[in-house]
Amino acid sequence: MTTTLRIPESLKPEDGRFGSGPSKIRPEQIAAIDAGATTLMGTSHRQAPIKQVVGSIRDGLREFFHLPDGYEVALGNGGASAFWEVACASLIARRAAFGTYGSFSAKFAASAANAPFLETPVIFKGEPGTFRLPEFTEDVDTYCWAHNETSTGVAAPIHRVPGSREAGALTVIDGTSAAGALPIDIAETDAYYFSPQKAFGSDGGLWVAVLSPAAIERAARVESNAHLEGARRWVPPFLSLIEALNNSRKDQTLNTPALATLIMMENQIRWLNGNGGLAWASARCAKSASILYSWAERSEYATPFVTQEDARSTAVVTIDLDEQVQASQVLAILRENGIVDAAGYRKLGRNQLRVGVFPSVEPSDVIAFTKCVDYVVEHL
Ligand SMILES: *Cc1c(COP(=O)(O)O)cnc(C)c1O
């Protein structure tokens, strides 16, 4: 076991949080909770003050994503994982197709495969470190993949599968670690859903979904069982997208939300919009990511895990280390020095660093991160 190595203060980032979710929360977001310590925290989510926070989130996201006419912002409890079940219950009519290329994209596909009322999904499987988009398939009514595969640091393109819209199929995109960080044309999606603890630097437990008119219409039809001749599908209220949407339209959620999550997210969206919105945020993330990728390419002991350059995420950056340098050891020393959560995804099982470079992270701190890693490796 190594004795603790002290990284010189002059090399350290100002903020040592580099997680891919939960991710860095800006001090101003914590201050926003404090500012609402007696006026928002511990008050009813059915009353005007919290409803105004939710309203500001919905309006702010409308501005941030430049929502086309008719698109709406819905939210509910349970995070993106809960939205997978909402989508199985309320959006997929009979059969979905999935692109799977990592843990998160595969989990949604597994949910659909296990839903007894759905037909076996069509899976387009790619290797970790690449992406694979679903292809047009007869009888498929919903196409699903992840914008940013957080487990591998892969970003996939978001455009409708050719012919899918004409066939009446929906495009349902997991934007969890992409939303707020990667550019997106929302018109290419029918449901773009995410949790707030990644690029929105808030806390977990909530899902947010940007819905097209086609998605809303589909949910209404599926939930009324109008698409079925035979057995009725049970859609529990907690998994009903229409229930969630009806509450969202009143700036509420079906059941009690975590108020701190809402307050921090509202603060973050105003901060992002005030700085120039998605264009600003995605450029900032791209800058931070390129600092890491070019450092790894110059490095003697590090290489970007994702070889195909246009698949490299600019939100979650994965860097492989040489066999001689043990990532677990580097990470332990970084943690002892207050630089935390840059571990690779456990189940991917690589000798890897994984760095969340969401908008809240200062690009100057990313430079400092690379210097700290170099310092640690030199002193191993
Ligand atoms: C984090 C993550 C999820 C899960 O989000 P929860 O809020 O924990 O449910 C799903 N998909 C992707 C791409 C993620 O990064």
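Visitor: Where is the place of K12?
Guide: K12 comes ahead of helix α1. Helices here are DSSP runs of H or I with at least four residues, strands are runs of E with at least two, and numbering goes from the N terminus. That puts K12 in the segment before α1.

Visitor: What kind of model is this?
Guide: Residues are numbered from 1 along each chain as its sequence is written, and side-chain values use heavy atoms, with hydrogens and water left out. Local features need pLDDT of at least 70, side-chain atom pairs count only at pLDDT 80 or more, and totals for chains, interfaces and linings use all residues, as the model is predicted.

Visitor: How far apart in space are K12 and G338, C-alpha to C-alpha?
Guide: Setting aside residues up to four places away in sequence, K12 touches I7, N337, A368 and C372; contact means heavy atoms within 4.5 Å. K12 and G338 are 326 residues apart in sequence. In space, their C-alpha separation is 8.8 Å.

Visitor: At what angle do α9 and α10 pack?
Guide: Axes are lines fitted to C-alpha atoms, for helices over the stretch in contact, and angles between N-to-C directions run from 0 to 180 degrees. For α9 (residues 327–336) and α10 (residues 363–378), the axes are 10 Å apart and the angle is about 115°.

Visitor: Which residues of α9 make the contact with α10?
Guide: α9 passes α10 in a right-handed crossing. From α10 come F369, C372, V373, V376 and V377, and they meet α9 through V330, I333 and L334.

Visitor: How many nonpolar residues are in the contact of α9 with α10?
Guide: Ala, Val, Leu, Ile, Met, Phe, Trp, Tyr, Cys and Pro count as nonpolar, Asp, Glu, Lys and Arg as charged, and the others, Gly among them, as polar. This contact has no polar and no charged residues, and its nonpolar count is 8.

Visitor: Is the crossing of α3 and α4 left-handed or right-handed?
Guide: The axes of α3 (residues 79–90) and α4 (residues 103–114) come within 9 Å and cross at roughly 35°. A crossing is left-handed if the near helix is turned anticlockwise from the far one by less than a right angle, and right-handed if clockwise. This crossing is right-handed.

Visitor: Into which domains is the protein divided?
Guide: The bounds come from an automatic or database domain assignment. The C-alpha centres of the two domains lie 27 Å apart, and 31 residues of domain 1 are in contact with 30 residues of domain 2. The division is into domain 1 (9–24 + 277–378) and domain 2 (27–273).

Visitor: Is the peptide bond from G21 to P22 cis or trans?
Guide: G21 is partly exposed, with a relative accessible area of 31%; buried means under 20%, exposed over 50%, and partly exposed in between (1.4 Å probe, protein chains only). Beyond four places in sequence, G21 touches Q197, K198 and F358. Omega for the bond to P22 is near 0°, which is cis.

Visitor: Is H66 buried or exposed?
Guide: H66 lies in the loop between α2 (48–64) and β1 (72–77). Its phi is near 50°, a positive value in a residue other than glycine. With a relative accessible area of 64%, H66 is exposed.

Visitor: What is the relative accessible area of D139?
Guide: D139 is in the loop between β3 (122–125) and β4 (142–146), and has a positive phi of about 75° although it is not a glycine. D139 is exposed, at 61%.
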